[in-house]
Amino acid sequence: MTDEQQRIWDYMTANCVGINNVQNVATIANACGYDNYGTNNDDFRAVITNMVVNEMLPIGSCRNGYFIFTTIEERQIAINWVDRNKKVQALQQIEPYQL
C-alpha cells in the first residue's frame, strides 16, 4: 500500500467502519488532504478503486459515500450499488428507441 493509500485507510478505519458510519466522498477526500472538487473527486475515487481492486480492502460505496464493510450484508449493499451505478452509466449512453 502506498503512503497515500495508508493515509486514507487510517482515516477510514478511524471514522468509516460499517455502513452506519458512511461518509461522503468530499469529507473523506478533504480529511486526507485532497483539494475540494465537490462530489466528483475523480482522482480520489481512482485511489479508492485501486485500494479495492488491487489491495483487496473491504471498502464499499453507496449513495451516501464510502464505508468499510464489516458483514456480508454490508458487502452486498456495496455490490448492489456498483451494479446499479454501472447500469445507470450505461443507460445514460443509450439513445431512446425510435417508434
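This report covers the fold, the core and the surface of a predicted model.

## Basis

Numbering starts at 1 along each chain as its sequence is written, and side-chain values use heavy atoms, with hydrogens and water left out. Because the model is predicted, local features need pLDDT of at least 70 and side-chain atom pairs count only at pLDDT 80 or more, while totals for chains, interfaces and linings use all residues.

## Fold

The chain has 4 helices and 2 strands. From the N terminus, the order is α-α-α-β-β-α. These elements are DSSP runs, numbered from the N terminus: helices are H or I with at least four residues, strands are E with at least two.

The C-alpha atoms fill a box of roughly 55 × 30 × 25 Å along the principal axes. Take contacts (heavy atoms within 4.5 Å) between residues at least 6 apart in sequence: 47% of them join residues at least 24 apart.

## Core

Of the 99 residues in the chain, 30% are buried. Buried means under 20% relative accessible area, exposed over 50%, and partly exposed in between (1.4 Å probe, protein chains only).

The largest nonpolar core holds 18 residues. Such a core is a set of buried Ala, Val, Leu, Ile, Met, Phe, Trp, Tyr and Cys residues joined through side-chain atoms within 4.5 Å. Ile8, Met12 and Phe44 have the most contacts inside it. Two or more residues come from each of α1 (3-15), α2 (25-31), α3 (42-53) and β2 (65-68).

Leaving aside residues up to four places away in sequence, Phe44 touches Ile8, Val25, Ile28, Ala29, Tyr34 and Tyr66.

## Surface

The chain exposes about 6700 Å², and carbon and sulfur atoms supply 50% of that area. Areas come from the Shrake-Rupley method with a 1.4 Å probe; for residues, only the protein chains shown count as cover.
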